[in-house]
Amino acid sequence: MTATVKYDDVEVGTEIPARTFAVDRANLVMYAGASGDFNPIHWRESTARSVGLPDVIAHGMYTMAQGGRFVSDWAGDPGAVLDYGVRFSSPVVVPDEGGATLEISGKVERKLDDNTVVVALTARSEGQKVLTRAKATVRLA
Amino acid sequence: MALNRDFVGRVFPPGEPYEVGRVKISEFADAIGDPNPVFRDREAAKAAGYPDVIAPPTFPIVMSLYTPGLADPELGLNFAMVVHSGQSFAYVRPLRAGDVVTCTSTITEIKSVGSHESMTVRTEIATVEGEPVCTCHNTLVERGA
């Protein structure tokens with residue numbers, strides 16, 4: 001466990017700068033293969049539309065993974081993440097042309113004992129909040 | 001269709017153990033676009049204090065997303081109408097290459113949310129030696145007609 005951010009250097013309200021992540025159909029195909037989630041709503045437009053979706057949507061877990069990367073890059077160690085949970089509030093729609101953009105930001109919400117903090121994440125795509133109650137508990141240095 | 005409430009508390013014992021492989025971890029890291037060397041390079045992982053490459057925080061989904069027991073027709077879950085509505089992981093430590101783990105899943109809650117049915121499954125991931133590694137909570141919603 002070698003987080004690079006120091007517990008003493010953050011306060012409740014400390015903001016983690018926003019980052020954007022591009023999501024393309026190719027990412028979803030790779031994610032399907034790597035995760036084993038081959039639900040066709042994540043790669044076949046006709047199936048997505050047949051169940052009432054506007055287009056192919058990203059796996060919720062793909063979006064959650066970007067949030068995990070955001071937090072672990074900030075902390076400096078993926079193993080410093082002790083707890084991570086989200087609710088999927090709105091799908092990330094990924095058109096064939098141009099894909100989608102995911103914007104993730106974070107804020108230190110609480111400071112706990114043992115050098116741990118709770119980070120609240122915000123994730124948006126096309127102006128929609130795609131995650132709610134997205135929180136990670138992280139052990140800092 | 002209403003899910004069978006008798007399944008609340010149902011425990012699905014572990015199936016075949018899952019062996020966490022270095023190539024699978026790097027494939028998963030590539031798929032999520034995370035270039036962190038601790039997912040790929042054993043020396044980098046060791047320098048960070050780990051015995052071998054570690055897996056990204058959401059990697060446990062690979063072995064916990066589908067609980068085969070949920071296909072029991074008595075439960076009444078229509079997979080075509082299922083969406084993933086929530087997920088959490090509580091880690092004892094990161095999963096790492098060489099771990100051989102099992103998943104023990106329990107249906108912890110079934111409830112109605114409007115016309116939908118919501119079900120939460122807790123999965124305990126532990127090594128075959130009995131060391132707990134991660135607790136996952138997976139909430140699924142079966143959309144109503």
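Contact means heavy atoms within 4.5 Å. Helices (H or I, at least four residues) and strands (E, at least two) are DSSP runs numbered from the N terminus.

This is a predicted model, in which local features need pLDDT of at least 70 and side-chain atom pairs count only at pLDDT 80 or more, while totals for chains, interfaces and linings use all residues. Residues are numbered from 1 along each chain as its sequence is written, chains are lettered from A and ligands numbered from 1 in the order in which they are written, and side-chain values use heavy atoms, with hydrogens and water left out.

**Exercise 1. Find which residues of helix 1 of chain A are buried, and what covers them.**

Step 1: Buried means under 20% relative accessible area, exposed over 50%, and partly exposed in between (1.4 Å probe, protein chains only). In helix 1 of chain A, the buried residues are A:Arg25, A:Asn27, A:Leu28, A:Tyr31, A:Ala32, A:Ala34 and A:Ser35.

Step 2: Now look at the cover. It includes strand 1 (15-23), helix 2 (45-50) and helix 3 of chain A, along with helix 1 (22-31) and helix 3 (61-64) of chain B.

**Exercise 2. Describe the contact of chain A and chain B.**

Step 1: Chain A brings 31 residues and chain B brings 32 residues.

Step 2: Buried area is the accessible area (1.4 Å probe) that two parts lose on being put together, summed over both. The two chains bury about 2,500 Å² between them, 56% of it on carbon and sulfur atoms. On the chain A side, A:Ala34, A:Met61 and A:Pro78 lose the most area to chain B, together 21% of what that side buries.

Step 3: Check for charge pairs. A salt bridge is a side-chain nitrogen of Lys or Arg within 4 Å of a carboxyl oxygen of Asp or Glu. Across this interface the rule finds 0 salt bridges.

**Exercise 3. Which parts of the chain does the salt bridge of A:Glu15 and A:Lys107 link?**

Step 1: The side chains of A:Glu15 and A:Lys107 meet at 3.9 Å, N to O.

Step 2: A:Glu15 lies in strand 1 of chain A and A:Lys107 in strand 3 (residues 100-111) of chain A, so the pair links distant parts of the chain, 92 residues apart.

Step 3: Compare accessibility. A:Glu15 counts as exposed at 57%, whereas A:Lys107 is partly exposed at 41%.
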